[in-house]
Amino acid sequence: MSVRKSHAFGASRSSESQILSETMQTIRELLTFSDCNLVIELLPYKSNECKVDVMSNPPIDDTATIADQIYQCFEQGDLTGAIAHLDEAIRNYPEYAYFYTERADFRARLGDCQGAIEDYTSAILLSPRTALFYTWRGRMYRKMGEEAAAIADFLKASTLQSGS
């Protein structure tokens, strides 16, 4: 299974809708992927290598329902509604790190950069060996102008990805 997530912070307006559509498809794929409770994540700069971390997944029926609710809100342009569904998912499955990263993405799109960083941090605390979570948080730090924190996260992601 090849899965990637795209954060569109610097994307042009013409490509943003395509990136958002691809992101929502990725959400659906990751939220419904339950084979051996593994989530496979690819770092964009090392597309031929993958970092695998074990996460506790909610039941497949629940994740499919949650993904559908999020997708419906997204399609209607209701990012706040998508966040509300993710809030509920996090209340029901607080140990599932991926829900935090998705909520972070929607928060960032709404301009809540600090909330996004908090969610990425929650995901990292739940799954500290997942390099991609550090990459995403590092991008958010960079967007906020916090270069030292961004560099620290990028270095951590690189270390985790290389297995050092």
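These are my notebook entries on a predicted model of one protein chain.

**Entry 1: ground rules**

I number residues from 1 along each chain as its sequence is written. Because the model is predicted, I take local features only at pLDDT of at least 70 and side-chain atom pairs only at pLDDT 80 or more, while totals for chains, interfaces and linings use all residues, and side-chain values use heavy atoms, with hydrogens and water left out.

**Entry 2: confidence**

I looked up pLDDT, the predictor's confidence in each residue, from 0 to 100. The chain has a mean of 74, and 62% of its residues reach 70 or more. Confidence is highest in H5, at 97, and lowest in strand E1 (residues 38–41), at a mean of 35. Residues 1–14 have a pLDDT below 50, and this stretch has 32 contacts in the model beyond near neighbours in sequence. I count a contact when heavy atoms lie within 4.5 Å. Residues 30–54 also stay under 50, and there the model has 73 contacts beyond four places in sequence.

**Entry 3: overall fold**

I listed helices (DSSP runs of H or I, at least four residues) and strands (runs of E, at least two), numbered from the N terminus. The chain has 7 helices and 2 strands. Along the sequence the pattern reads α-β-β-α-α-α-α-α-α. I took the contacts between residues at least 6 apart in sequence, and 58% of them join residues at least 24 apart.

**Entry 4: surface and burial**

I read accessible areas from the Shrake-Rupley method with a 1.4 Å probe; for residues, only the protein chains shown count as cover. The chain exposes about 8000 Å², of which carbon and sulfur atoms supply 49%. I call a residue buried under 20% relative accessible area, exposed over 50%, and partly exposed in between (1.4 Å probe, protein chains only). By that rule 46% of the 164 residues count as buried.

**Entry 5: nonpolar core**

Which residues touch the most other members of the largest nonpolar core? I find Phe99, Phe106 and Met140, in a core of 35 residues. Helices H2 (60–75), H3 (79–92), H4 (97–109), H5 (113–126), H6 (131–143) and H7 (147–162) each supply at least two residues of this core. A nonpolar core here is a set of buried Ala, Val, Leu, Ile, Met, Phe, Trp, Tyr and Cys residues joined through side-chain atoms within 4.5 Å. In soluble globular proteins, nonpolar side chains tend to be buried together.

I also checked phenylalanine 74, which lies in helix H2. Phenylalanine 74 counts as buried because its relative accessibility is 13%. Its C-alpha atom is 9.5 Å from that of phenylalanine 106, 32 residues away along the chain.

**Entry 6: cysteines**

How many disulfides does a search of the whole structure find? It finds 0, taking a disulfide as a pair of cysteine sulfur atoms within 2.5 Å. Cysteine 73 counts as buried at 8% relative accessibility, and cysteine 113 counts as buried at 15%.

I looked for salt bridges (a side-chain nitrogen of Lys or Arg within 4 Å of a carboxyl oxygen of Asp or Glu). The structure holds 6. Side chains of opposite charge can pair when their charged atoms come close.

Arginine 107 forms one with aspartate 112, with the closest N and O atoms 3.9 Å apart. Arginine 107 is buried at 19% relative accessibility, whereas aspartate 112 is partly exposed at 33%. Arginine 107 also meets aspartate 119 in a salt bridge, at 3.3 Å from N to O. Arginine 107 lies in helix H4 and aspartate 119 in helix H5, so this pair ties together parts 12 residues apart in sequence. Aspartate 119 is buried at 2% relative accessibility. I noted that Asp87, Arg103, Arg107, Asp112 and Asp119 are linked in a network of salt bridges.

**Entry 7: arginine 137 and aspartate 153**

Arginine 137 forms a salt bridge with aspartate 153, the closest N and O atoms being 2.6 Å apart. The pair ties together parts 16 residues apart in sequence, because arginine 137 lies in helix H6 and aspartate 153 in helix H7. Arginine 137 counts as buried at 11% relative accessibility, and aspartate 153 counts as buried at 5%.

Which residues does aspartate 153 touch, not counting those up to four places away in sequence? I find Tyr134, Arg137, Gly138 and Tyr141.
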